[in-house]
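I open this notebook to record what I looked up in the structure, entry by entry.

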Amino acid sequence: MAGRILDEDVEEVRNRASIGDIAAEYMQVRKAGSGRLKALCPFHPEKTPSFTLDSTKNLFHCFGCGKGGNVYTLVMELENLSFVEAVEKLAQKTGITLRYENLSPAEKAATGKRQRMVAAHREALAFYHEMLLTKEGQSARDYLKSRGFNKQTAVGFAIGFSPKGRDALVSHLKEKGFALPLLIEAGLARKTSEGVADAFRGRVMFPIHDVAGDPVAFGARLLDGTGPKYLNTAETPIWHKGRALYALNSAKASIVKDGRAVVVEGYTDVIALHQAGVKTAVASCGTALGLEHFKLLRRFTDRAILAYDADQAGQAAAARAFEEAFSYSQEAGIDSRVIELPAGADPADFVTTDGGEAFTKLIDSAVPVIEYRLRRELKSFDVTEPEGRARALRAALPLLRQVNDEVLRREYSRRLANWVQVDEDVVFLEMQKDARPGEKSAAASVKRTSAQLRLEREALQVALQYPDLVVPYLDRVGEEDFSMRAHQSIWQALRKGGEAGGLASSLEDANARRMVSALAIEEIPGEVSDRLVDEIFSRLKEFTLTRQIDQMKSRLQALNPIRHPTDYEALFEELMALEGRRREMSEDR
């Protein structure tokens, strides 16, 4: 029989670990009645809280995605732990000593490995901080002083110093009872040709905690000599840099209070901001912002302020952040904005010279990432010239398509038209002309201001919601009567007998599929009658005639009536016939 934790210990930990208190370490929770709490679900993006915690029963359930369970399930899901690891973690938090039965020698060695790794990091943190105060740590203290960090800040962030000796930390931790294989696996030590040595030597040490406050890794800055300027702990069973944000454990309460998080590039930026009173600052740990970072932030806020260095490299980083992370922030439900710092400044420099209040004013004036990126792109073009306006518009359209929210995309389409000095319809039509099937953006689903496109939407709306009223027009109206590719795909499918529920999944054009569900649900104002339907489709045919007439006029203008009198006369007669048909249709209505 495999070793296991005694059932009574599992039960005791479960009863002692308050699910409300545990959840509050990972997300923003609010009271929702007697014994109940609510939060935004950490497992799927949402804007209205559907994640409910029952403190009396110590259970949780999300009415949005369906996830639920007890306090163990919650910790297992949030931290990707096994059941045993979740029990061990909560046992440590509640001060309960677990008892095991029928453990094999291998199981005894593995018991509580995660907690032993955390304990080793906690001991390493204390050791490094103590070393900061020694004579050898003077160079590290000088560095911190040069950055403007005071003693209180160094203590608050538990900043430390790793001695230059080969195995100072390893020797200390061995004396504390930690085994070498565990220290190596935890990233605190490494194998060398001379034996096991410290992973970090001669560096300023910045402890990294998980969101619940356990130390799980270190960031380390070289003071002198050769080697990488910054090093982070290699990935371990308790540390994944793609799912961690520096100082989030200490910043989360302020983030909840202020309703926003400030994301910077480096540990020293975070520390400088906190010292200046900006307690909402966090940083990624040596990696670009990704979906998991934004999901982590979304547990506490729906707004992230990106504060990158204002030198050339910093601006390039901000551009990369938009390109690589904007879609992630949208998926996670985060409103991402950018602070524009003075030229050459980084967040730490700015608060050192101007103070925290001045930085807070910059936060208040932060611009949405989409606006920042669009304006930065347009700076490369002279929009006072027609050619420059055309090039600027073409360059900006791919950025605009990254906006998933229809209302936002519509608003920034208008703003782009204003910045480039073109008519709004030009932007809308260019968005459609250059759109590709399968693109993540739903550019083709924007409610156009163009009368033609608006009418096409109305025709498809009535066809999807009142199919019986549209039957007489299925043969009389063709795909050529629609100007937008997605509209054509939908109408073609409807003529073949398709209905809304099926089309939402069967259409090949992804934009058309997304559009079907919106058109089928969106309410049509007023009464939908036979007369209204007839008017819509008659006007649609009239628009087609107008397009044909415009094309015919262009052909006539390009034709020399003296050199080609026969062709000119034939085209002219055809044009007159089209004009007559359009006039008749107008009179009939």
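Leaving aside its neighbours within four places in sequence, which residues is Pro-207 in contact with? I find Leu-125, Phe-157, Ala-158, Ile-159, Ala-217, Phe-218 and Tyr-246, where contact means heavy atoms within 4.5 Å.

**Entry 1: what I am working from.** This is a predicted model, in which local features need pLDDT of at least 70 and side-chain atom pairs count only at pLDDT 80 or more, while totals for chains, interfaces and linings use all residues. Residues are numbered from 1 along each chain as its sequence is written, and side-chain values use heavy atoms, with hydrogens and water left out.

**Entry 2: the chain overall.** I count 27 helices and 19 strands in the protein chain; these are DSSP runs numbered from the N terminus, helices being H or I with at least four residues and strands E with at least two. Of the 589 residues of the protein chain, 47% count as buried, that is, under 20% relative accessible area, against over 50% for exposed and in between for partly exposed (1.4 Å probe, protein chains only). Among contacts between residues at least 6 apart in sequence, 66% join residues at least 24 apart.

**Entry 3: Pro-207 again, and its sheet.** I placed Pro-207 in strand β11, and it counts as buried at 2% relative accessibility. Between Pro-207 and Tyr-128 I noted a C-alpha to C-alpha distance of 9.4 Å, although 79 residues separate them in sequence.

I then followed the sheet, an open one of four strands with antiparallel pairing, in the order β8-β11-β12-β13; two strands pair if DSSP finds at least two bridges between them. The edges are held by β8 (160-162) and β13 (230-232), and each has a single partner strand, so one side of each is left without a neighbour in the sheet. From one strand to the next the twist averages 35°. Three bridges pair β8 with β11 (residues 203-209) in the antiparallel sense, and Phe-161 stands opposite Val-204 in β11.

Two helices lie across these strands. Helix α6 (residues 113-132) lies across β8, β11 and β12 (215-222) and runs at about 35° to β12, whereas helix α7 (residues 138-146) lies across β8, β11, β12 and β13 and runs at about 70° to β11. For such angles, axes are lines fitted to C-alpha atoms, for helices over the stretch in contact, and the angles run from 0 to 180 degrees between N-to-C directions.

**Entry 4: a hairpin.** I looked next at β9 (residues 189-192) and β10 (residues 195-198), which run antiparallel and are joined by four bridges. They form a hairpin with two residues between them, and the bridge partner of Thr-192 in β10 is Gly-195.

**Entry 5: the nonpolar cores.** A nonpolar core is here a set of buried Ala, Val, Leu, Ile, Met, Phe, Trp, Tyr and Cys residues joined through side-chain atoms within 4.5 Å. The largest has 71 residues, and Phe-51, Leu-248, Leu-297 and Leu-416 have the most contacts inside it. Helix α18 (residues 386-400) gives the most to this core, with six residues. Apart from it lies another core, of 64 residues, among them Met-131, Phe-178, Val-264 and Val-351.

**Entry 6: two helix pairs.** I found that α18 and helix α19 (residues 406-420) pack with their axes 10 Å apart at an angle of about 160°, which makes α18 roughly antiparallel to α19. Angles under 35 degrees count as roughly parallel, over 145 as roughly antiparallel, 65 to 115 as roughly perpendicular and the rest as oblique. The residues in contact include Leu-393 and Leu-397 of α18 and Tyr-412 and Leu-416 of α19.

The axes of helix α12 (residues 267-275) and helix α15 (residues 347-354) come within 8 Å and cross at roughly 25°, which makes α12 roughly parallel to α15. Thr-268, Asp-269, Ala-272 and Leu-273 of α12 make the contact with Pro-347, Ala-348 and Val-351 of α15.

**Entry 7: Thr-52.** Last, I looked up Thr-52 in strand β4 (residues 51-54), and Thr-52 is buried, with a relative accessible area of 7%. Leaving aside neighbours within four places in sequence, Thr-52 is in contact with Arg-36, Leu-37, Lys-38, Leu-59, Phe-60, His-61 and Phe-63.
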